[in-house]
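Open the model in your viewer and keep the selection panel at hand. The tour goes stop by stop.

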Amino acid sequence: MIRLALPKGRNLPVVTAALAAAGVDPAPIEQGERRLWLELPGEGLPGDGLEVLLLKDWDLPLYVEYGVADCGFVGTDVLDEMGGDLLVPVRLTAGHSRLSLIGRRGDLPEPGSQVRLATKYPRTARRLVAERSWGAEVIKLSGSIELAPLLDLAEIALDIVQTGRTLEENHLAELEVVAEVAPCLVVNRASYQQHRETLNDLVGRMEAAEVAR
Amino acid sequence: MRITAALPTGMAALLFDAARRRREMEGRMAGELAAAGYSEVILPVLDYLEPYEPILSSASRGELYSFVGRGGELLALRSDFTPMLARLLAPRLPSLELPLRLFYRGDVVRYQDERAGRQREFYQVGAELLGAGDDAGSRDAGPEVLRVFLRLLSMGEARPIRVVLGFAGALDEVLLGAAGEAGAELAAALARRERRQAGDASRLLHRLVETGLPEDPAELGAGAAGKLRRLLAVRERLAAEFPDVGLSVDLAEFAPQTLDPRLAGSGGRRSYYDGLVFRAYAGQRGLPVGAGGRYDRLFHTLGAEVSAAGFSIDLERLMDGRAPRTTLAAAAGKGR
C-alpha cells in the first residue's frame with residue numbers, strides 16, 4: 001500500500017480536492033480531526049488503497065526522501081528551499097501563489113546598496129541575492145514576515161503572496177515576483193521504482209481531471 | 001571544555017552490537033569478493049587535491065572536505081574511492097597484468113546538508129574491474145561487476161531490492177533534438193520525472209518518464225538503440241539469475257549521465273560514467289544503497305586507455321533498510 005504524506009497547512013484543502021477529482025474519497029481525512037495517520041480504503045483507489053500521513057509542510061520532504069512516506073504533496077516554495085533528491089511528476093493546477101520580494105518603500109534596493117532581507121526561505125533568498133546588483137543580510141524568521149519591513153527589522157522581505165490583501169492592509173507593496181508557487185506531488189526514487197504503475201495511475205487520473213499537469 | 005559524547009554533524013560512532021553487525025557484514029562481503037577473484041587494496045584517507053582537478057564535477061567539488069596542508073599543498077579527505085584508485089593505477093597500467101580485479105572497504109566523507117539519512121561519513125565496500133571488455137551490455141566488465149554487485153546486495157537483509165539500469169548517453173540524441181543546448185536542463189527534468197516538461201518536448205520523452213523505456217529502441221537513434229537492446233538482454237539474463245531482485249531498465253533515471261559535450265555539466269557527482277550505469281535501492285528507504293557503472297573515460301582523462309567498471313555499496317544504508325515499515329495496524333496494536 002502506498003503511503004502518501006499530506007501537508008496540514010494552507011495546501012490541504014487544495015490537495016484533498018485534487019485527490020477527490022482523481023477518485024480518492026478524502027472524507028476520512030476531513031472527518032479525522034486530530035488523526036495524523038489514517039487509511040483511505042475503498043473502491044476506485046489505485047493499488048490496494050492509500051495510507052495517509054498528515055505532516056507540517058517543512059517536514060514533509062524529509063519523510064518522503066527518507067522513505068517513511070512514498071510520496072506527498074508540498075509547495076514548490078518549501079521544496080526549492082529544502083533541496084534534496086525527489087521526483088516531481090506533476091504540479092496541481094489550483095492553490096497557486098507567488099514568492100515575492102515585498103517592502104514598504106515600493107522600490108527594489110538601489111544597485112550597490114546593502115539591505116536586510118527577512119524571510120522564511122534563507123537559502124532561496126541567498127541564491128536570489130547572489131544574482132542581484134545589491135547585497136543583503138538574510139534574516140531567518142519563522143512567521144509574520146510582513147512585520148519585519150514595517151518595523152524596520154529589515155528593508156525588504158521574501159514571502160508568499162496569495163491575494164495581496166495582507167500587504168495592502170499593512171501598507172506594503174509587492175516589489176517583484178520571484179517565483180510562481182504551486183503544490184506539487186513529490187516521490188522518492190525508490191518508491192517510484194516499486195510503485196510506478198500505481199503512481200502513474202494516480203497522476204494520470206489527476207491530469208485527466210485537469211487538477212494537475 | 002566540558003567533555004560530552006557529541007560528534008560533529010553527519011558523523012556516527014558504532015558501538016557494541018552495531019559495530020559487530022557491520023564488521024560481520026563487511027567480512028562476509030570481503031570474503032565473497034575474494035572468492036570471486038578480487039584482491040583487496042587499502043587506500044589512504046588523505047590525498048592531494050590537484051590530481052583530481054580535471055575530473056571533479058561542480059557537484060563533487062561542493063562535497064569535498066579540502067584544506068591547505070602544513071607544506072602549503074591543497075589536500076582533500078577521501079570522498080570517492082574510484083577516482084583515487086584510477087589516479088593511482090593510471091601511471092602503472094603498462095606494467096600491470098590485465099584484467100585487474102580489485103576491491104576496497106573504508107570510509108569516505110562528503111559534505112551534505114543536515115537531514116534524515118544524509119550522513120557525512122559513509123562506510124563503503126566496492127570493487128573495480130579493469131581491462132576486461134568493450135562496451136555496455138556485451139560480455140564485458142559491466143555485466144560482470146553488476147553480477148557481483150547483485151550478489152553482495154543479496155547478502156544484506158533489506159528487502160525488496162530494486163536495481164535500476166541504464167547507460168550513459170542513452171538520451172543524448174533525443175535531448176539535443178528536443179531542446180538543443182538546453183538539453184542539460186531537460187535531462188534534469190526527466191530525471192525528476194517532470195511529466196509536463198517531458199510531454200511538452202516530445203511524446204517519446206513523456207513515455208520515458210512514465211515507463212523508463214521507448215516503445216522501440218530505434219527511437220533513440222542507431223547507436224543508443226543497439227546499446228539498449230544489449231542492455232535489455234543483460235537484464236533478462238540477470239533477472240533469471242537473481243529472481244529476488246527487481247531489475248528494471250529506466251533511461252529517465254540516468255538522463256543527466258550524458259556523453260555529448262553540448263550537454264556537459266548535468267552528470268552530478270559521478271559524471272565519469274560512460275557506459276552501463278546502475279543504482280540500487282533496498283528495503284523501505286528512499287535513498288540509494290549502492291551504485292556503479294562503466295567509466296573508461298575517467299582513465300582516458302588521466303592519460304591511460306583501459307576498460308573500467310566498478311561499484312560501491314554503502315553498508316550503513318544497506319543495513320538500515322532491513323527493518324520493515326511500521327504499519328498503521330501494528331502501531332494501533334502497540335498503543336492498546
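Select B:Arg193 and B:Asp250: both are buried, meaning under 20% relative accessible area, with exposed over 50% and partly exposed in between (1.4 Å probe, protein chains only). Their side chains meet in a salt bridge, 2.8 Å from N to O. A salt bridge here is a side-chain nitrogen of Lys or Arg within 4 Å of a carboxyl oxygen of Asp or Glu. B:Arg193 lies in the loop between helix 6 (183-191) and helix 7 (195-201) of chain B, and B:Asp250 in the loop between strand 8 (245-249) and strand 9 (276-282) of chain B, so the pair ties together parts 57 residues apart in sequence. Helices (H or I, at least four residues) and strands (E, at least two) are DSSP runs, numbered from the N terminus.

This is a predicted model, in which local features need pLDDT of at least 70 and side-chain atom pairs count only at pLDDT 80 or more, while totals for chains, interfaces and linings use all residues. Residues are numbered from 1 along each chain as its sequence is written, chains are lettered from A and ligands numbered from 1 in the order written, and side-chain values use heavy atoms, leaving out hydrogens and water.

Now widen the selection to A:Asp85, A:Arg189, A:Arg196 and B:Arg279: with B:Arg193, B:Asp250 and B:Glu253, they are linked in a network of salt bridges.

Next, pick B:Arg105 and B:Glu40. They form a salt bridge, the closest N and O atoms being 2.9 Å apart. B:Arg105 sits in strand 5 (residues 100-109) of chain B and B:Glu40 in strand 1 of chain B, 65 residues apart. B:Arg105 is partly exposed at 27% relative accessibility. B:Glu40 is partly exposed at 36%.

Move to chain A and select strand 4 (residues 71-75). Five of its five residues are buried. A:Cys71, A:Phe73 and A:Gly75 point one way; A:Gly72 and A:Val74 point the other. Which strands pair with strand 4 of chain A? Strand 1 (residues 2-7) of chain A pairs with it in the parallel sense over two bridges; pairing requires that DSSP finds at least two bridges between the strands. Show A:Ala5, whose bridge partner is A:Gly72. Strand 10 (residues 183-187) of chain A runs antiparallel to strand 4, with five bridges joining them. There, A:Cys71 is partnered by A:Val187.

Now select strand 5 (residues 97-103) of chain A. Six of its seven residues are buried, so it is largely enclosed by the rest of the structure. Seven bridges pair it with strand 9 (residues 173-181) of chain A in the antiparallel sense. Look for A:Leu101 opposite A:Glu176. Strand 8 (residues 156-161) of chain A also runs antiparallel to strand 5, over six bridges. Here A:Ile102 stands opposite A:Ala157.

Last, color chain B by pLDDT, the predictor's confidence in each residue from 0 to 100. The chain B average is 91, and 95% of the residues score at least 70. Where is confidence lowest and where highest among the elements of chain B? Helix 12 (residues 328-335) of chain B is lowest, at a mean of 71, and strand 1 (residues 39-40) of chain B is highest, at 98. For the complex, the predictor gives an ipTM of 0.91 and a pTM of 0.93.
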